[in-house]
Amino acid sequence: MGLKYEIAEDVQNLAKQLISKYHPHLGLAKIAYIFKTDTWKKNGKTILGSAHRCSEKEKLLHGYDFIITLNHFVWATVDVNRKMAILDHELCHCGWDDDEAKFILVPHDLEDFVDVVRRHGLYMPDVEAMGRAMHQLNLFEKPNLKVVGGNE
Ligand SMILES: [Zn+2]
């Protein structure tokens with residue numbers, strides 16, 4: 001049986017650009033980037049990536065604050081804009097808690113169903129915020145992105 005993970009060498013440079021532009025709190029974070037090389041699905045959906053905040057024990061052993069895992073099959077088939085979006089998503093999970101002065105894992109801004117929004121509209125503040133963001137996006141650009149799966 002072959003290894004299911006490998007070090008994602010090229011991802012670091014893309015991540016550096018995103019961190020300096022959108023995630024300055026991660027400037028000093030030690031983040032490991034790895035590829036998952038076998039099939040990665042959950043509830044029938046292809047998983048694009050995931051972010052893990054390392055525990056104190058893990059950090060003691062290897063020094064990393066976070067481990068970002070990317071679906072190698074997806075990564076190899078998408079263009080650089082899509083790669084940046086996937087990576088930006090995972091970096092959004094990597095947060096910093098000012099009160100406790102420690103890294104934290106940030107949950108998604110929104111979890112909902114398209115059918116519920118179709119039936120009931122923007123019925124909660126988080127749904128409304130996502131709706132506004134999508135509406136503004138449509139005004140200025142038409143992203144040509146084909147959805148292949150979800151991010152963890
Ligand atoms: Zn996610």
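Select H52 first, which is partly exposed because 19 other C-beta atoms lie within 10 Å, where buried would require 20 or more such atoms within 10 Å, exposed 12 or fewer, and partly exposed is anything in between, with C-beta atoms placed from the backbone. The model is a predicted one, in which local features need pLDDT of at least 70 and side-chain atom pairs count only at pLDDT 80 or more, while totals for chains, interfaces and linings use all residues. To find your way, note that residues are numbered from 1 along each chain as its sequence is written.

H52 sits in strand β5; strands (E, at least two residues) and helices (H or I, at least four residues) are DSSP runs, numbered from the N terminus. Leaving aside residues up to four places away in sequence, H52 touches F66 and I67, a contact being two C-beta atoms, placed from the backbone, within 7 Å.

Next, select residues 49–53 and 66–71, that is, β5 and β6, which run antiparallel and are joined by five bridges; strands count as paired if DSSP finds at least two bridges between them. Within this pairing, H52 has I67 as its bridge partner in β6, and A51 stands opposite I68.

Which way do the residues of β6 point? F66, I68 and L70 point one way, whereas I67, T69 and N71 point the other way. In a regular strand the side chains alternate between the two faces of the sheet. Six of the six residues of β6 are buried, so the strand is largely enclosed by the rest of the structure.

Then bring in residues 31–36, strand β2, which pairs with β6 in the parallel sense over six bridges; here K36 has N71 as its bridge partner in β6.

Finally, show the protein as a whole, with its six helices and eight strands. Of its 152 residues, 18% are buried.
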